[in-house]
Structures are given as structure tokens and as C-alpha cells.
Amino acid sequence: MTVVCFAILLCLARKEDTGLRTASLLKPFYKMAMYLYKRISSNAPRLFSSPQVEKDLRQLYPGESGEYLKTDYYVKKAAVCLAVIFAGTLVGAAARFSAERGMVMNDDGTIVRGSHEEGNREINLALGHGEEQMDFKIEVEPLLLSGEEADALVDEFLDKLPQYIAGKNKSLERVTSDLALEEMYDGFPVSVIWESDNPGLLSSEGQVFSVEKEEEITLTASVSYGECERVQELTVLLVPPELSEEEMAYRELEAILAESQEKSVGQAEWKLPEEWRGESIAWRQIVDDKSLFLWGATVAAAVMVFFFLDRDLHGQLEKRQKIMHREYSEIVHKLVLYVGAGMTIRGAFQKLAGDYEAKCRGGGRRSPAYEEILYTCRELHSGVSEGLSYEHFGRRTGLQEYIRLSALLAQNLKRGNSTLLERLRDEADKSAEERLQQSKKLGEEAGTKLLVPMVLMLAVVMAIIMIPAMSNM
């Protein structure tokens, strides 16, 4: 159903032009996201509206159109969520397909046997009896085939035989429930015929009847494999069971299943019993189907991705602001140097921007603070007044120190530059002191983070010293 919805949505969004450069596999999701964004934002604008997100986008990408940034961000976020849901749907469908492959029971109550190479297949059955339901776990044996093996394989099988027939009992020395007396075990191509010296207490099919005191039974296993035949005698000690009425019913049904399977072991299909105690019964196979859970987890993951991307966006802004904090002192000192050398503020800004561009062309890393200075220079070249450009510079950064610097530069244009150099020097000294305090704070935080590894290293050193010393005592 989900795949059909995606197909319909893709058909409706086929003419959408996202204008985004992305991998070809993700383009359909961007088209669908753009289609949904246009429809939903017009009817429910609050779903794609967050003042904090829009503020972060403006600060991260200065100069870009606010509406373009908003559309681009939400379309990308919706596309990621759609891709997560689609991928989860495919995983859920694969899980569903895997679960259906484990179905061996037909609608008419018949179970299809596999080949000898496939071995025994364990399936779960649910019995609906009136308002009650009983669950069974049984093994469906493959078609009985002949094989050719060595005597060593038969010896190995006889060594493991007591473990195989114990069933729900811990050992054959204390048997309270039916034994697993089967014709073949654990993929061994060996045929076994069972015989009990007291069928009234322990049948050849492994059914244990109620006993009032401990009884010792001898089981004879006639093992045949090709031309190799062996006879093994096993001693079984029966003890009185403590069974409820429900447990007795369970055992009776288990015996009926075992008897039914024994009669049909040579047939390709096993018809399950249709009546019990004169009443009709219905069987249902239980399969481990996790497709619904996976789909629900996928939707939950998509919702989490949708909301957590906003936090990641704000995290990018905080990282950008930290870098700008560190670069502020350097920028102010350069302004002091250039203005002291006789440059105007505009010339100093152009010098900073030109050096930055040359550095980037040489392979240097990008700097958000210098990007803002470069953007300010472009505003000046486009005809924006100098004072207004400096005010825009401070507002775009959103940081107190840059706003303070922009105000100082704008006031200098209005009142004259007689005290500009002195005030810039004071600002440089203040920024250097703030950077020193910030470095001390970061050092204290690093020391706190290193405390746990240091304690662990101390424990390792103490262990290296103490263990040899204690071993020599």
C-alpha cells in the first residue's frame, strides 16, 4: 500500500522542478517533497514555519533570499524523510516476504514437506478450540529418503541419541513428559525403529502414561543406515508427573500430532487432524512477521529525522558563531594595523576581503567572519551606503562583539575619525582579553573531559603494578 502511495505521489510530482543538484536516486524524493511542500504550505503554513529556523538560515546564508532558503531547507528535509520511509517500507516488505517463505501450511490444513537436503523444518501452530487457543511448536520432517554413510556416522548418532529423545525432560533418569521418539533426528539420514518393553507406560511413539511410582523402562532402538544396522538399549526412569487438565489436553493433542505425522511420513503432504474429542478444530501456523513493526519504526524514524534536522541546523549556526568568536580578535587587530597605517575603514575592509579571496584561491579554508566582510564589500560596490553596510554587517553576524564593532564604525562616519584609532585599539585589547578568558574556559572544560580517561589509566597502571605483586605473595 505504501509503495502504491509513493507511485501515485511520484506520478503527481513528475513535472516538479526542484532546481537542486542531487544524486539521481534521490531526485524522485525531491520532486515528491516539492509537490507536498507546495500543497501543504498553502493549506497549513504553520507546518513549514519556524522563526528560529528562518533566523538560523538567514545567518548561515547571508544575502540569499529568505523564501528560497526556507523552501530549499524544508524540501530537502521532507525528501530525506520520504527516503527513510521508502527504505523502511522496502525492508518491511523484505521481512514480510521472508516470513511468507517460511509458510509450509496450506489453507486446507496440509503441510508440504521439503526434500532431504533441506532437513527438518520447525514451525509454530496455533489451535483455535472454541474461545481457547493453544500454541504448538513442531518439526516437519522431510521426505524419507535412503542414504549411504559410514559406520562412524552411526556411532556419532548413537552417542547423541539420549539427548535427542529426552524431549522436555532434563535426562532419561527422570522422565515426566513424552519422549521425542522420532524416525530421524537432526538431519541425520538414519532410520530408527523404537520398541518399549512396557508399552502400557511408555509407548513406542514416546508417549508417557501416568505412573503412580517410579518405573524403569527399557527402550530398544533399531538403527539402520544403508547396510549398517545397530541395536541400542536405553534405560528410562519414569516418575509420577504433576499435570493440570490443560497440560493433559496439550499432551493428548501432541500425541495426536505425532501419530498423525507418523502415518503420513511417506507422503508429500501431511493432513493435520480436523477433530478432537468429537469437535472440529482449526490449525493456524504462527510465523515471525516483523514487517509491521519495521514499518512503524521507519515512520517513527522519519518523524524524528524531520524534527531533529532543525536542531542540526541550529548546531551548524552555533558552530559558525564559535568560529566567528575566535576570529574577532584577529580581525580587529588587522583593522588597527591598517587604519594606523593610514587606510580608511572602507579600504581596510577591501584589503581584508582581497587577502581572503586570494587565500581561498590558493586552497585555504573558508571563514564565516571573512565571508561576512567580503559580503559587506560587495554591498559597498553595489551602491549601498557605507554606514548602512556596516550596520548590516553587525546584524547578519548576530554576535554582540560584531554588532559593537559595526556601531563603532557607523558612528565614526557620522562624528568623524579623530578618535577612531584609539577606540579600535581599546576594542582590540578588549577582544584579546575575551579570547584569553575563552581559552582558559576551554582548557578547563578539556581538563574535565580528560578526568575519566585519566582515572581509567590510573586503574590500569595500578592493576599492572598490583597483580604481579599479589601473585608473588
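Notes on the rest follow.

1. **Model and overall make-up.** This is a predicted model. The protein holds 13 helices and 10 strands. It has 473 residues, and 37% of them count as buried. Take the contacts between residues at least 6 apart in sequence: 61% of these join residues at least 24 apart.

2. **Helix α7 against helix α9.** Two packed helices are described by the angle between their axes and the distance between the axes. Here α7 spans residues 291–340 and α9 spans residues 368–381. Their axes come within 7 Å. The crossing angle is roughly 65°.

3. **Residues at that contact.** From α7 come Arg320, Ile323, Met324, Glu327, Glu330, Ile331 and Lys334. They meet Pro368, Ala369, Tyr370, Glu372 and Ile373 in α9. By type, the residues of the contact divide into seven nonpolar and five charged, with no polar ones.

4. **Thr298, also in α7.** Thr298 has its place in helix α7. Is Thr298 buried or exposed? Its relative accessibility is 10%, so Thr298 counts as buried, the cut-off being under 20%. Leaving aside neighbours within four places in sequence, Thr298 is in contact with Val84, Ile85, Gly88 and Thr89. Ala87 is 211 residues away from Thr298 along the chain, yet their C-alpha atoms are separated by 8.2 Å.

5. **Ser260 in α6.** Helix α6 covers residues 245–263, and Ser260 lies in it. Ser260 has a relative accessible area of 14%; because this is under 20%, the residue is buried. Which residues does Ser260 contact, leaving aside its neighbours within four places in sequence? They are Trp270, Lys271 and Pro273.

6. **A three-stranded sheet.** Strands of a sheet pair through backbone hydrogen bonds, either parallel or antiparallel. In this model, three strands form an open sheet in the order β4-β5-β6, and the pairing is antiparallel. The edge strands are β4 (191–196) and β6 (228–238), each pairing on one side only. Neighbouring strands of the sheet are turned by 20° against each other on average, direction ignored.

7. **The β5–β6 pair.** Strand β5 runs over residues 215–225. How many bridges link β5 and β6? The two strands pair over 11 bridges, in the antiparallel sense. For a specific position to check in the viewer, take Thr220: its bridge partner in β6 is Glu233.

Key: Residues numbered from 1 in each chain as written. Predicted model: local features only at pLDDT ≥ 70, side-chain atom pairs only at ≥ 80, totals over all residues. Heavy atoms only, no water. Axes fitted to C-alpha atoms, helices over the stretch in contact; angles between N-to-C directions. Helix = DSSP H or I, 4+ residues; strand = E, 2+ residues; numbered from the N terminus. Contact = heavy atoms within 4.5 Å. Nonpolar A, V, L, I, M, F, W, Y, C, P; charged D, E, K, R; others polar. Buried < 20%, exposed > 50% of the residue type's maximum accessible area, 1.4 Å probe, protein only. Pairing = 2+ DSSP bridges.
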